[in-house]
Amino acid sequence: MRTSWADSADNSANGSGNSNAWAPRAAYVPPHLRNRTMSSEAPAAAAAGTAVAASLPANDRVNHGGSIPHHGGYFKADNGRQGYGSGFQSGGGGGWNGRGAGRDRGRREVNPFENDEAEEQSLGEQENTGINFEAYDDIPVETSGENVPPPVNTFAEIDLGEALNQNIQRCKYVKPTPVQRYAIPISLAGRDLMACAQTGSGKTAAFCFPIISGIMREQYVQRPRVARTAFPLALILSPTRELSCQIHDEAKKFSYQTGVKVVVAYGGAPINQQLRELERGVDILVATPGRLVDLLERARVSLQMIRYLALDEADRMLDMGFEPQIRKIVEQMDMPPPGMRQTLLFSATFPKEIQRLASDFLASYVFLAVGRVGSSTDLIAQRVEYVLESDKRSHLMDLLHAQRENGISGKQGLTLVFVETKKGADALEHCLCVNGFPAASIHGDRTQQERELALRSFKTGITPILVATDVAARGLDIPRVAHVVNFDLPNDIDDYVHRIGRTGRAGKMGLATAFFNESNLSLAKPLADLMQEANQEVPAWLTRYAARAAYGGGNRNRRSGGSRFGGRDFRRDNSTNKGTDYYGGSGGGGYGNYGGGYGQGVTSAWD
DNA sequence: AAAAAAT
């Protein structure tokens, strides 16, 4: 008994008619018939696709709503001016009548767990069998730096504070994940940290818990009184708007009833609402770089009280595209220097040259790498197929078609398709819709509203296929992504790692399929190596390409020959980079092969 | 060459 979107599409095709059927009849036609039917069937299918697309906004409430309560409707116009800053800072400037005392007392804190409970009940998903934590005893972990604080085994061992402990329970986190076991005590000890841990391994909580706990202790700190300027104590930066939203949502849960106020700021959304939130007081500011720079230049935010700086996807934040902005924020505004603040850098991948850059921001830091066992790549079955550029579309539809027939993992699974360009994303989305595959797309040329809508309709299964550029490659935690297709492979193996990390999360299995052809030669070697290390079957033809690339010139890849994932502390790397045993433990799996569906349900302490 | 990120 299947409950996938395919069924509902079939059902509506078979009759009842008035639902938003994607495909009135089978719009998808096997490749060998496609030319013939295109002319006669395409118009109808296209019309259906348009109709559905048009109906989507109607189903979803206002913009910016949904999973991002901040922009949603709970914000009544008439209480928009209730609180005033955080007692310490706004001091009644700009015409605010000081009614409340202290921070934001006037407003009831929205319970961020409400939705979760409702969702859980409606899904009836009580499969909390948990992750196989025993396997984690074997996880290879490397720490380096001076006087590294020892790891903990339970949350109870750490004094995070009562309120935070309660939230951890509400989140149903039973035991800390490996990265949390190490990173939390290191951070609580006040140390700077550079942490490499697998995608989906609980990084967000790993840096949020110590920050929230630290701020709970320091809430009394006096902040300057500058009208309309916010003085956050912690700053969390991430490379995409959606990721910042996600971090904000999680941080709200962790900080519920702790008195710690979390605000998010990012581009593409009206700035006024964000300004209002900032005026109400902020302890933890989650932001994307561009909008933050804007706020800093308007002097609506000052970084002079920053005690904690966290960079999520830190390697991306410091790559060529972002580095100048990050330097500006961290080094050229009023943020306290390393040593006067605590800096936490997290990513699943950390190339050496980026580590070198990053060390500018750190003071006597601890390097932490949590190995591969139990991380998502062990849970992801990786396949590579040789597909000519001209065959990609039909091949993808064949895959999707087969998936629809068989059900990819028992339940409705979502499929995330990565392409290289924004135009390519639009084109492929259109192509899929026209052929009866319910797809949405997300990329940086779409409005923020469209991006959030696409993500939401994907998450909810309205469009169980999402075509995406790398905007969706990192950090996003989308439950039930069963299949990641690299329609166009990235040029960088790290990007591949992040992309496939959108599946196989929180201990669930995932499948990743890549389309490889002559234009991906430079990836042959690193991809073959990666797959081999993950105990995946490497096709012979790929091995041949890899061998050719090895001395042919293709391999200017950063971590060539080094240990996979995260990598080693570059401070230790005195040319001998044997790295081998580093991730040894896996020894053939322990998780079985792909195909199991979604067994465990420990909600995401992961990422 | 591309993507992301402010207006």
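The following is a dialogue on how terms are applied to this predicted model.

Visitor: What are the ground rules for numbering and for a predicted model?

Guide: Residues are numbered from 1 along each chain as its sequence is written, and chains are lettered from A and ligands numbered from 1 in the order in which they are written. The model is predicted, so local features need pLDDT of at least 70, side-chain atom pairs count only at pLDDT 80 or more, and totals for chains, interfaces and linings use all residues, while side-chain values use heavy atoms, with hydrogens and water left out.

Visitor: Which residues come nearest to DNA strand B?

Guide: A residue is near a strand if one of its heavy atoms lies within 4 Å of it. There are 24 residues around DNA strand B, and R291, T421, K422, G444 and R451 come nearest.

Visitor: What makes the approach of T288 to DNA strand B a polar contact?

Guide: A polar contact is a pair of N or O atoms within 3.5 Å; within protein, one must be able to donate a hydrogen and the other to accept it, and residues adjacent in sequence count only if both atoms are side-chain atoms. An N or O atom in the side chain of T288 is 2.9 Å from a phosphate oxygen of DNA strand B, so the pair meets the cut-off.

Visitor: Which helix gives the largest share of the surface near DNA strand B?

Guide: Helix 9 (residues 289–297), with five residues. Helices (H or I, at least four residues) and strands (E, at least two) are DSSP runs, numbered from the N terminus.

Visitor: Why is helix 16 called largely enclosed?

Guide: Buried means under 20% relative accessible area, exposed over 50%, and partly exposed in between, with a 1.4 Å probe and protein chains only. Nine of the 12 residues of helix 16 are buried, so the rest of the structure largely encloses it. Among them are R451, L453, L455 and F458. Helix 16 covers residues 448–459 and is followed by G461, whose phi is positive, near 85°.

Visitor: What makes H443 a buried residue?

Guide: H443 has a relative accessible area of 1%, which is under the 20% limit. The residue sits in the loop between strand 11 (439–442) and helix 16, and its side chain makes a polar contact of 2.9 Å with the side chain of D426.

Visitor: Why is the pair of Y386 and W541 called edge-to-face?

Guide: Rings of Phe, Tyr and Trp (its six-membered ring) pair if their centres lie within 6.5 Å; planes under 30 degrees apart count as stacked, over 60 as edge-to-face and the rest as tilted. The search of the whole structure finds 12 aromatic pairs. In Y386 and W541 the ring centres are 5.5 Å apart and the planes stand at 90°, so the pair is edge-to-face. Y386 lies in strand 9 (residues 380–386) and W541 in helix 19 (residues 540–552), so the pair ties together parts that are 155 residues apart in sequence.

Visitor: How do you know that Y386 is partly exposed?

Guide: Its relative accessible area is 35%, which falls between the limits of 20% and 50%.

Technical notes. The expected span of a helix is 1.5 Å times one less than its number of residues.
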